[in-house]
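Q: I'd like to learn how to read a protein model feature by feature. Can we go through one together?

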Amino acid sequence: MANIMIRQADNGGLTFYLPKRDLEASISSIEFDTQEKWGGELKLDNGGSYYIDPIAKPPRLPISLRARRTGMAED
(Lines give C-alpha, C1' and ligand atoms only; values in the text may rest on other atoms or scores of the structure.)
Protein backbone atom coordinates (compact mmCIF):
# COMPACT_ATOMS: atom_id res chain seq x y z
CA MET A 1 0.00 0.00 0.00
CA ALA A 2 1.15 3.51 -0.74
CA ASN A 3 0.57 6.85 0.91
CA ILE A 4 -1.31 9.21 -1.41
CA MET A 5 -2.80 12.68 -1.21
CA ILE A 6 -6.08 13.82 -2.72
CA ARG A 7 -6.78 17.51 -3.12
CA GLN A 8 -9.23 19.81 -4.87
CA ALA A 9 -8.00 20.88 -8.32
CA ASP A 10 -8.33 24.43 -9.60
CA ASN A 11 -10.98 23.27 -12.11
CA GLY A 12 -13.17 21.83 -9.32
CA GLY A 13 -12.20 18.18 -9.84
CA LEU A 14 -9.93 16.06 -7.67
CA THR A 15 -6.19 15.49 -8.03
CA PHE A 16 -4.38 12.30 -6.99
CA TYR A 17 -0.73 12.58 -5.91
CA LEU A 18 1.64 9.69 -5.17
CA PRO A 19 4.84 11.22 -3.69
CA LYS A 20 6.94 8.04 -3.95
CA ARG A 21 6.68 8.13 -7.76
CA ASP A 22 6.05 11.88 -8.10
CA LEU A 23 2.86 10.93 -9.93
CA GLU A 24 0.09 13.50 -10.20
CA ALA A 25 -3.11 12.78 -12.12
CA SER A 26 -6.72 13.89 -12.23
CA ILE A 27 -9.29 11.52 -10.76
CA SER A 28 -11.84 10.72 -13.47
CA SER A 29 -14.18 8.68 -11.23
CA ILE A 30 -14.69 7.52 -7.65
CA GLU A 31 -16.60 4.31 -6.90
CA PHE A 32 -18.52 5.80 -3.94
CA ASP A 33 -19.17 9.55 -3.88
CA THR A 34 -22.18 10.17 -1.66
CA GLN A 35 -22.79 11.82 1.71
CA GLU A 36 -23.01 8.34 3.31
CA LYS A 37 -19.96 6.68 1.69
CA TRP A 38 -16.85 8.03 -0.04
CA GLY A 39 -13.91 6.16 -1.59
CA GLY A 40 -13.46 2.75 -3.18
CA GLU A 41 -11.85 2.48 -6.61
CA LEU A 42 -10.32 5.67 -8.00
CA LYS A 43 -9.89 5.79 -11.78
CA LEU A 44 -7.24 8.21 -12.98
CA ASP A 45 -7.15 10.11 -16.26
CA ASN A 46 -3.87 8.36 -17.18
CA GLY A 47 -5.59 4.93 -17.18
CA GLY A 48 -4.37 3.83 -13.75
CA SER A 49 -6.61 2.87 -10.86
CA TYR A 50 -6.17 2.69 -7.09
CA TYR A 51 -8.36 1.50 -4.23
CA ILE A 52 -8.91 3.35 -0.95
CA ASP A 53 -11.04 1.97 1.86
CA PRO A 54 -14.41 3.76 1.83
CA ILE A 55 -15.10 6.19 4.66
CA ALA A 56 -18.42 7.26 6.17
CA LYS A 57 -18.60 10.76 4.68
CA PRO A 58 -16.72 12.93 2.19
CA PRO A 59 -13.47 14.19 3.74
CA ARG A 60 -12.12 17.70 4.08
CA LEU A 61 -9.50 18.16 1.41
CA PRO A 62 -6.57 17.83 1.11
CA ILE A 63 -6.37 14.41 2.72
CA SER A 64 -3.62 11.78 2.98
CA LEU A 65 -4.72 8.16 2.69
CA ARG A 66 -3.35 4.66 2.10
CA ALA A 67 -4.12 3.26 -1.36
CA ARG A 68 -3.54 0.01 -3.22
CA ARG A 69 -2.84 -0.01 -6.96
CA THR A 70 -5.43 -2.05 -8.85
CA GLY A 71 -4.54 -1.14 -12.44
CA MET A 72 -1.51 0.13 -14.30
CA ALA A 73 -1.48 3.33 -16.33
CA GLU A 74 -1.39 2.87 -20.08
CA ASP A 75 1.82 3.90 -21.82
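This is a predicted model: local features need pLDDT of at least 70, side-chain atom pairs count only at pLDDT 80 or more; totals for chains, interfaces and linings use all residues.

Q: Which residue in β6 does N3 stand opposite?
A: N3 stands opposite R66 in β6. Strands here are DSSP runs marked E of at least two residues, numbered from the N terminus, while helices are H or I runs of at least four. Two strands pair if DSSP finds at least two bridges between them. Residues are numbered from 1 along each chain as its sequence is written, and side-chain values use heavy atoms, leaving out hydrogens and water.

Q: In which sense do β1 and β2 pair, and over how many bridges?
A: They pair in the antiparallel sense, over four bridges. For example, M5 has Y17 in β2 as its bridge partner. The hairpin of β1 and β2 has five residues between the strands, and there G12 takes a positive phi near 100°.

Q: What elements does the protein have overall?
A: Six strands and zero helices. Reading from the N terminus, that gives β-β-β-β-β-β.

Q: How do I read a salt bridge?
A: Side chains of opposite charge can pair when their charged atoms come close. The cut-off here is a side-chain nitrogen of Lys or Arg within 4 Å of a carboxyl oxygen of Asp or Glu. By this rule there is one salt bridge: E24 meets R7, at 2.6 Å from N to O. This pair links distant parts of the chain, with E24 in β3 (residues 23-33) and R7 in β1 (residues 2-8), 17 residues apart.

Q: What about aromatic rings?
A: Rings of Phe, Tyr and Trp (its six-membered ring) pair if their centres lie within 6.5 Å; planes under 30 degrees apart are stacked, over 60 edge-to-face, and the rest tilted. The count comes to one aromatic pair. F16 and Y50 are tilted, with 4.7 Å centre to centre and 35° between the planes. Because F16 lies in β2 (residues 14-18) and Y50 in β5 (residues 49-55), the pair ties together parts 34 residues apart in sequence. Both F16 and Y50 are buried.

Q: Where does the charged end of K37 sit?
A: Over the ring of F32, 4.0 Å from its centre. The rule asks for NZ of Lys or CZ of Arg within 6 Å of the ring centre and within 35 degrees of the ring normal.

Q: Which residues does K43 touch?
A: Contact means heavy atoms within 4.5 Å. Not counting residues up to four places away in sequence, K43 touches S26, I27, S28, S29, G48 and S49. K43 is found in β4 (residues 38-44), and with a relative accessible area of 40%, K43 is partly exposed.

How values were computed: Buried means under 20% relative accessible area, exposed over 50%, partly exposed in between (1.4 Å probe, protein chains only).
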